[in-house]
Amino acid sequence: MSDSIPMPRVRVATTSLAGCFGCHMSFLDMDERLLDLAKVVEFDRSPLTDIKHCGPCDIGLIEGGVCNAENVHVLREFRRNCKTLVAVGACAINGGLPAQRNHLDLGDCLQQVYVKRDGVEDGGVPDDPELPLLLDRVHPIHEVVRVDYFIPGCPPSGDAIWTFLTDLIGGRTPRLPHPLLHFD
Amino acid sequence: MHDAERVAAQAVERHRREPSQLLQVLVETQDAIGYLPAAALTRIAGLLELPRSRVEGVAGFYSFLHTEPVGRFRILFSDNIIDRMLGSRALMERLCRRLGVSPGQVSPGGEASVDITSCTGMGDQGPAILVNGVAVTRLDEARVERIAALVHAGTPLAAWPAEFFRVDDNIRRRGALLGADFVPGSALQAAMKRGRNGWLEEMRVSGLRGRGGAGFTTAVKWGACRDAPGADKVVVCNADEGEPGTFKDRVLLASQADRVIEGMTLAAWATGARQGLLYLRGEYRYLLKHLRAVLAVRRAAGLLGARILGESGFDFDIDIHLGAGAYVCGEETALLESLEGKRGTPRIRPPFPVTHGYLGRPTVVNNVETLAKTTLIALQGGAAFAATGTPQSTGTKLLSISGDCAYSGVYEYPFGVTIEHVLEDCGAHDPQVVQVGGASGVTIASHEFHRRIAFEDVPTAGAFMVFDGRRDPFEMARNFVHFFAHESCGFCTPCRVGTALLKGYMDKLASGKGAKMDLADIEWLDRLLKNASHCGLGSSAPNPVIDTLLKFRPAYERRLVSLDFKPAFDLDAALETARRMTGRDDPAAHLDRREEV
């Protein structure tokens with residue numbers, strides 16, 4: 001083992017789509033283990049680095065589902081650049097809380113919020129081209145791109161994310177033990 | 001609403017307030033009212049001293065029970081792949097147009113509702129429908145027009161032309177069972193002459209194995225039940241012939257009912273059972289009158305009831321239970337649950353029914369054909385029976401043959417017959433695929449037509465569906481996957497969710513949005529269903545997909561549009577509402593389909 005070529009550090013990108021950043025907070029819950037992680041990992045696009053676009057990476061961690069056109073672009077960028085793409089948390093896996101709007105008609109929703117709501121006068125649905133358009137339904141990310149792994153939980157605990165990442169980086173097929181595998 | 005409660009109460013009283021009769025009470029209440037109003041369910045729960053949730057749970061489980069009003073004429077199209085090949089979908093559209101109703105809906109005036117249902121067991125004379133639970137066969141455009149007129153006129157079902165309800169036996173090849181005349185009571189006399197032990201020994205010599213699919217040795221089952229502790233043993237005839245493409249039990253019940261009932265009585269003689277139950281699938285309820293008449297004649301002849309054929313201590317009688325549209329009830333432990341008036345959720349085995357069956361009592365559950373075969377063993381002896389077939393699969397097997405062949409119907413062959421032999425007999429001109437054993441069975445490609453029908457080679461409960469070069473094996477598999485997703489009892493997650501996911505993937509491929517990745521996911525789901533399901537329904541649900549992916553992979557691959565991944569939905573179309581609401585049409589208001597990765 002001693003004469004093998006030292007492995008380059010693993011490049012990781014993270015993003016939150018239609019999520020609440022709770023999964024990212026949970027990521028930070030690894031606490032001091034973040035320092036261990038930093039020895040083997042370097043970060044590309046992520047709220048932690050403020051890099052705006054993703055370059056070629058080993059691992060992409062996606063929090064949140066897909067609710068608008070921008071989410072689609074970001075997700076595609078990650079899929080194009082990341083060898084391994086991971087859905088992190090309930091929203092990325094199932095759509096989660098944002099998907100509660102899926103049983104409502106989007107047109108009715110926009111009308112209710114921007115036009116008909118009490119106290120709104122001369123309302124109108126915002127049409128600035130800078131704003132991403134909403135999809136008619138919120139989708140889990142695996143319905144839009146190919147996804148390699150899933151870490152369930154709302155959010156998954158710091159322990160779960162740590163266990164998963166160290167497995168993945170160590171070349172072991174990630175397998176969360178029962179206490180870490182939960183969907184709530 | 002007062003009326004509904006009264007009707008429900010009468011049904012409960014007819015069944016002596018027996019909670020195990022819940023399903024029969026619900027069926028009869030619905031017969032009288034048309035559906036099951038909430039007030040009726042509450043009344044039934046009160047009178048049977050069952051939780052309201054339990055009653056609602058049962059009412060919600062069975063396809064033929066409705067807790068919402070349905071049309072005065074409820075028309076269900078059998079949706080097996082064979083019915084579809086005979087044009088059922090176009091006929092359903094035509095009928096819907098004539099009646100001004102869309103599938104799954106009730107017409108505005110409440111006169112009719114049209115929907116699909118799982119295979120009704122009429123593959124040799126389809127396309128078939130059920131009208132208010134009664135089978136109508138040989139549908140064509142002319143018949144659809146006449147039905148539409150009868151529905152419009154409000155003509156009661158009893159006044160419809162009898163020709164509509166004609167169900168033919170279509171027996172094409174007769175062997176030991178179908179070829180011999182039978183004198184009711186003769187098999188019983190022969191078996192009683194041998195004594196109870198001698199009769200069971202004869203059964204053992206015959207090597208008879210269950211004809212319902214699993215192929216368990218009948219004598220072992222009977223012996224285990226006889227030896228199980230408890231004096232109140234039960235014999236159950238499983239006439240819940242729900243496997244798509246199977247209809248041989250229907251023919252036996254129609255033309256050989258005496259043999260079937262005598263087989264149950266022979267099982268009682270061997271095991272010491274005093275109670276018999278025949279579970280008739282709801283689709284075959286038109287046979288109920290006939291079967292009850294046969295029972296009555298046999299009672300009058302001393303072949304059922306107390307002291308059968310004058311033998312003191314040999315008391316046995318049979319009740320008929322009606323199913324209500326649930327394929328899973330063909331599984332013997334689900335059938336027992338259903339007999340007890342519960343949802344048809346399969347039990348965990350062991351304990352097996354032979355020790356803990358109906359109401360916890362030692363129970364023999366046998367298929368219709370198995371029971372009919374025992375009369376041959378009683379009359380000719382076990383050795384004569386074992387002389388036909390193969391050493392491991394003795395006797396003959398009834399096949400229900402349908403699809404692309406000249407002569408659909410029931411064929412009786414000694415076990416060991418080759419598939420190509422059968423194909424030649426039934427006049428299949430260009431057979432490419434044969435689905436043996438129904439949706440849960442084996443897909444046979446042409447290079448395997450030399451294989452034999454036998455438990456040790458190609459086992460089957462009786463279905464034999466033939467597909468020629470015009471047919472698409474993928475569409476066959478997709479039809480079966482839809483069937484399993486509909487029939488999953490919902491008890492275990494691997495099957496409930498797995499069959500729904502599998503259906504989603506098959507539909508995605510069918511809609512031309514498939515990708516290589518989907519095939520990998522389908523194979524993963526196949527493994528999950530096979531290994532993690534609670535019962536045979538879930539573990540056999542992926543069979544048609546596994547087999548066709550192996551033997552007809554190009555049928556899947558030619559549907560793929562991408563080697564990587566494609567969403568099942570149109571992303572740009574998903575922005576349409578927002579575009580309309582904002583009045584935008586700038587480049588950022590669109591998602592490029594070519595950019596998908």
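This is a predicted model: local features need pLDDT of at least 70, side-chain atom pairs count only at pLDDT 80 or more; totals for chains, interfaces and linings use all residues.
1. Domains of chain B. Five domains are assigned in chain B: domain 1 (2–61), domain 2 (73–168), domain 3 (173–386), domain 4 (398–468) and domain 5 (474–562). Between the C-alpha centres of domain 1 of chain B and domain 4 of chain B the distance is 43 Å.

2. Extent of the interface. On the chain A side, 27 residues are in contact with 23 residues of chain B. The two chains, A and B, bury about 2,200 Å² between them. Carbon and sulfur atoms carry 67% of that area. In chain A, the residues that lose the most area to chain B are Arg76(A), Leu133(A) and Arg146(A). Together they make up 31% of what that side buries.

3. Polar pairing. How many salt bridges are there between chain A and chain B? The count is 0. Residue pairs in polar contact between chain A and chain B number 4, with both residues at pLDDT 80 or more.

4. Elements at the interface. On the side of chain A that touches chain B, α3 (69–81), α5 (106–116) and β6 (134–139) of chain A each give two or more residues. The most comes from α3(A), with 6 residues.

5. Cysteines. Over all chains the disulfide count is 0. Cys225(B) is in no disulfide; its nearest cysteine sulfur belongs to Cys237(B), 15 Å away. Cys225(B) counts as buried because its relative accessibility is 0%. Cys489(B) is also in no disulfide, with the sulfur of Cys535(B) nearest at 6.2 Å. The cut-off for a disulfide is 2.5 Å. At 15% relative accessibility, Cys489(B) is buried as well.

Conventions. Residues are numbered from 1 along each chain as its sequence is written. Chains are lettered from A and ligands numbered from 1 in the order in which they are written. Side-chain values use heavy atoms; hydrogens and water are left out. Buried means under 20% relative accessible area, exposed over 50%, partly exposed in between (1.4 Å probe, protein chains only). Domain bounds come from an automatic or database domain assignment. Contact means heavy atoms within 4.5 Å. Buried area is the accessible area (1.4 Å probe) that two parts lose on being put together, summed over both. A salt bridge is a side-chain nitrogen of Lys or Arg within 4 Å of a carboxyl oxygen of Asp or Glu. A polar contact is a pair of N or O atoms within 3.5 Å; within protein, one must be able to donate a hydrogen and the other to accept it, and residues adjacent in sequence count only if both atoms are side-chain atoms. Helices (H or I, at least four residues) and strands (E, at least two) are DSSP runs, numbered from the N terminus.
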